[in-house]
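Hi everyone, thanks for making time this morning.

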Amino acid sequence: MTTPVVTSRLLSWLAPAAVPLLGLVVLLARPEMDAHYEHHGVHFWLVLGTAAVCFVLAVVMMRAVRRRRDARLFLVSLVFQVNAGFLAVHALATPGLILQARNAGFVASTPFGLVLGSVAALASAAQLRTAAAERLMRWQWLLAALPWVLLVGWSVPAFARLPPLDVAPDVIETHWVAALAASTGTVFYLAAAVRYLLLYRRRPSVLLLSVLTAFVLLGEAMLAVALSRSWRLTWWEWHVLMVAAFALIAVSVHAQFRREGSALGLFDSMTLQQTIAALQREYSQALEEMVDALRRRADDEPGESRAVIGAEVAHKFGLTERQLEVLQESAEALGREREQTRRLGGLVTIGERASVIRGELQLMDEVMAVAEAAFQRDRLRFGLVRDGALAFTDGAPARDAATLTVLSTLRPTVSPDGATFALPIAVKRRAAGVLEAHRPAGGFSVPERAVLTSLASQFSVTLENARLYAQLDGLFRSYISPGVATALIADPAQAGLGGRLVEVSVLMADLRGFTPFSERSTPDAVVAMLNTYYGAIVPVILGNGGTVVQFVGDAVMAIFNAPTRQPDHALRAARAGLGLHRAVEAAAAGRDWPRFRVGINTGPALVGNIGAAQMRNYTAIGDTTNLAARLEGLAEPGTVVVSAVTAAQLGDAARTSERRAVRVAGKRDPVDCFVLEGIREPRRLA
């Protein structure tokens, strides 16, 4: 309820409470209007009836106190108990009933009870902390007995006219102690009303509004007590105000009882915050138990039935049949909402999985696991179309013949008994599989079919993405070395322009006599020769861990130890160079084709991406690369020339020719090099 509505209702409710105060002011300002009216019978039944109402309210509220163990309810019940007792004494002390004349006990009993009640009212308005409330409830038996002890202690001297109630009634009415007590009671009741007003603004309820209004009326009654004299209209006014106060609460309680149909929760709106929190936990627990019972019933699991759980909850919380029915409906709605939330959460998770790079079957297994967790009530199966046939992941055939029609129509189908719902999985508007949902207990509702349709769409997107990623990956890797592709997929940041200094072994190879061959051959023959050669030598280079960085006509360049680190990179390059020639001889097969020559050099080079933002190439740049190219130019067809650095790293594993110093372009001093004749492979133990 919004604050303006609360304020409007509050003002409309409290406005009439100001009328008695206005009447009191008029009567005091015009004493001649404050007429004398003495009727003992009217007084007796008026006050005794009010006492009876207070007593009934006290009994009803004490029942709630025992169930809720709430300190505020207990203190309010004390207000009713105190006033019930002292109002009864005031009624019995009516002149002409037991006592023949007015006495001090008759005059002071009701004001004294109202003052005691104001103390309890003010205490109840406080927001007691949990520890303080628990201490108060531990001593409730003593506090509950206190009003009756005081009542007995008051009644004996009142009826026996013992001190201090052996004085004349007029003395009591005019005594300063009585005026002070009445004023104190007025302040306490009004202060309690203000505190309840703040509570009402946070927790609007008719009962709270009635209580705070009653406290306002009782505060006005205490003011009238201090200013009135017996049997005057002002004196009758505070009697009427008491009746109105307690009758107002009684009427509100009765109205709430008729609306709720149970007395248990009548005063819950007045309880302390910790009691409200405990009630919310209990109601939540009851709701959870109902939801769990409904879930077990839906899943045919063993457990207490809905009726048994309902009976336990109704007994625990004192619920009527209608309230229990509402709770069960709420539990069903909550269960459906949670199930729908779980399903929607599964759809979100599957949507996230769709963007993950995985193999097709691995990704679909992950998605299927998420779907089964999200759709716990249903048995889900996923089937893929392979070689024109539908194969389910569990190896079993389709549950219904209608399932197979999904592949041709690409539309969801339902089995005749409604227990199986089959949905198409499509990739580029072509049937790729089937998602089958089965519920033995019954059919699927329209909202459930909508969610399952969304699930099938997510499956389609996931499968299409998986296949697209596979195609792109194959296409991507065919244009660059697999080692570079793997490094870029693992860390896309490596695709940036620039590089780092790394020790590498560079292999350079080209065809000796390529130009004369291309002049005497057709372009088709030249391309066929190059593709045949490259198809033979690239696997050799990759098989030894090399990275092919570029093809330039009849030349190929490969590096080792980048991007993947290889401590034996010189040995790998040497093996690749020798294996390259063996592969070329096998590929040429006696044809009159030119042969490769190979140069290998080891040293530092700047390795990274060279080019522009629109196009770049992964390569190695530096003197190491230049020298490898020069050594390749010195090599004879079918041979491998290595630098002194490479030979040193190969060590005893290399079989080389005699060392020789050669002059190469760009070098001031001669360069030592070797012809690599073979590699001594380590012996394997038998």
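Let me start with a question: where is Pro-563 found? Pro-563 sits in the loop that runs between strand 8 (555–560) and helix 21. Bear in mind that this is a predicted model.

From Ala-562 to Pro-563 the peptide bond is cis, and omega is near 0°. Asn-561 belongs to the loop between strand 8 and helix 21 as well. Asn-561 has a positive phi of about 80°, although it is not a glycine. As background, most residues other than glycine have a negative phi, and most peptide bonds are trans. With a relative accessibility of 9%, under the 20% cut-off, Asn-561 counts as buried.

Next, the helices. Helix 20 covers residues 523–543 and helix 21 covers residues 569–588; their axes come within 9 Å and cross at roughly 150°. That angle is over 145°, so the two are roughly antiparallel to each other. The crossing of helix 20 past helix 21 is right-handed.

Who meets whom? On the helix 20 side, Tyr-533, Ala-536, Ile-537 and Val-540 are among the residues in contact, and on the helix 21 side they include Gly-579, Leu-580, Ala-583 and Ala-587. By class, that contact has eleven nonpolar residues, two polar ones and no charged ones.

As for helix 20 itself, its buried residues include Tyr-533, Ala-536, Ile-537 and Val-540, along with Val-526 and Met-529. Just after helix 20 ends, Gly-545 takes a positive phi of about 85°.

Thanks, and I'm happy to go back to any of these views.

Conventions. Residues numbered from 1 in each chain as written. Predicted model: local features only at pLDDT ≥ 70, side-chain atom pairs only at ≥ 80, totals over all residues. Heavy atoms only, no water. Axes fitted to C-alpha atoms, helices over the stretch in contact; angles between N-to-C directions. Helix = DSSP H or I, 4+ residues; strand = E, 2+ residues; numbered from the N terminus. Parallel < 35°, antiparallel > 145°, perpendicular 65-115°, else oblique. Left-handed = near helix turned anticlockwise from the far one by under 90°. Contact = heavy atoms within 4.5 Å. Nonpolar A, V, L, I, M, F, W, Y, C, P; charged D, E, K, R; others polar. Buried < 20%, exposed > 50% of the residue type's maximum accessible area, 1.4 Å probe, protein only.
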